[in-house]
Amino acid sequence: MSAVDRAHVERWVAAYEQAWRTAGTDELAELFTADATYRPSPWSRPAEGLAAIAAFWEQARDAPDE
């Protein structure tokens, strides 16, 4: 496992922002593992797995590049 440093986190966040602003959800597999969970707030139930995360993203975004 490689070390996580500031530059690594900045690249991940930039990729996350790009994925959010891009139509579709194909880039999610590059950001999250297949068994990832995604919780948009501490009070919400998590989306579990890439398919559930993709469904959440498609439902939550107003449109790509919002």
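Student: What share of the contacts in the protein with a separation of 6 or more comes from residues 24 or more positions apart?

Tutor: Keep in mind that this is a predicted model. Take the contacts with a separation of 6 or more, then pick out those between residues 24 or more positions apart. That share is 39%.

Student: Okay, and what pattern do the helices and strands follow along the sequence?

Tutor: Start with the tally: the protein has three helices and two strands. Now read them in order along the sequence, and you get α-α-β-β-α.

Student: Which residues does A19 touch, leaving aside neighbours within four places in sequence?

Tutor: Contact here means heavy atoms within 4.5 Å. With those sequence neighbours set aside, the partners of A19 are G24, E27, L31, W57 and R61.

Student: How much of the protein counts as buried?

Tutor: A residue is called buried when its relative accessible area is under 20%. Apply that to the 66 residues of the protein, and the buried part is 23%.

Student: Last one: how far apart are the centres of the positive and negative side chains?

Tutor: There are 6 positive and 12 negative side chains in the protein.

Conventions:
Residues are numbered from 1 along each chain as its sequence is written. This is a predicted model: local features need pLDDT of at least 70, side-chain atom pairs count only at pLDDT 80 or more; totals for chains, interfaces and linings use all residues. Side-chain values use heavy atoms; hydrogens and water are left out. Helices (H or I, at least four residues) and strands (E, at least two) are DSSP runs, numbered from the N terminus. Buried means under 20% relative accessible area, exposed over 50%, partly exposed in between (1.4 Å probe, protein chains only). Lys and Arg count as positive and Asp and Glu as negative; His and the chain ends are not counted. The place of a charge is taken as NZ of Lys, CZ of Arg, CG of Asp or CD of Glu.
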